[in-house]
Amino acid sequence: MEKKIIYLALIIITILSGCSDTTVDDVTCISEQIGIDISGSKIIEKTDTHGGFHGDGRMFVQIEINNKNFEQELKKTGKWSQEPSELTEILLYGNEEWNPYIADDNGKPLMKKIENGYYFIINDTDSNEEDIEWSEMYSVNAIVAVYDVDNNILYYYEIDT
């Protein structure tokens, strides 16, 4: 009976853990989130603070894309834009009123400004109000991705609060 409980606990832990910390799984999970296959791409940098019971945290991944058709594929999804929205611009780089939200511990933006690229944002925050302001949200669950065409780099940021 004790072995059954241990096996059951291991199965539950495996299911609840979601994406593991391996590079292959990160690339697979990011592919699913952005809707484009990036298998074979190389993770250059990764920071992940997710943990705890609710899985709150932030993940930043910088990926060298190894898909020659990536730009054409992102255009087909209809979810990427060549210009950042006002919200995306504030989150990435800040403005006169706000510091960048996607920043390191010193307040420096994690994603550099790019000349030629595409922007992607998903707000997964549970809210019944469609017009709620970002600054008024009690919790934030979002994904922001920036593709730098000139350097073939994908910057991916995920936050769960």
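Let me start with one contact in this predicted model: the backbone oxygen of Asp37 lies 2.9 Å from a polar atom that belongs to the side chain of Asn67.

Side chains of opposite charge can pair when their charged atoms come close. How many salt bridges does the count come to in this model? The count comes to 4 salt bridges, and I will take you through some of them.

In one of them, the side chains of Asp26 and Lys46 meet with 2.7 Å from N to O. Because Asp26 sits in helix 2 (residues 23-34) while Lys46 sits in strand 1 (residues 42-48), this pair ties together parts that are 20 residues apart in sequence. Are these two partners buried or exposed? Asp26 has 4% relative accessibility and therefore counts as buried, since buried means under 20%, whereas Lys46, at 28%, counts as partly exposed.

Another salt bridge joins the side chains of Lys113 and Glu89, with 3.8 Å from N to O. Here, too, distant parts of the chain are linked, for Lys113 is in the loop between helix 4 (86-93) and strand 3 (117-123), Glu89 is in helix 4, and the two are 24 residues apart. Lys113 is exposed, with a relative accessible area of 58%, while Glu89 is partly exposed, with a relative accessible area of 26%.

Let me then turn to Lys112, which forms a salt bridge with Asp148, where the closest N and O atoms are 3.9 Å apart. Lys112 lies in the loop between helix 4 and strand 3, and Asp148 lies in strand 4 (residues 141-148), so this pair ties together parts that are 36 residues apart in sequence. As for accessibility, Lys112 counts as partly exposed at 44%, but Asp148 is buried, with a relative accessible area of 3%.

As you go back to the structure, you might begin with the pair of Asp26 and Lys46, asking which elements the two residues lie in: Asp26 is in helix 2 and Lys46 is in strand 1.

Technical notes
Residues are numbered from 1 along each chain as its sequence is written. This is a predicted model: local features need pLDDT of at least 70, side-chain atom pairs count only at pLDDT 80 or more; totals for chains, interfaces and linings use all residues. Side-chain values use heavy atoms; hydrogens and water are left out. Helices (H or I, at least four residues) and strands (E, at least two) are DSSP runs, numbered from the N terminus. Buried means under 20% relative accessible area, exposed over 50%, partly exposed in between (1.4 Å probe, protein chains only). A polar contact is a pair of N or O atoms within 3.5 Å; within protein, one must be able to donate a hydrogen and the other to accept it, and residues adjacent in sequence count only if both atoms are side-chain atoms.
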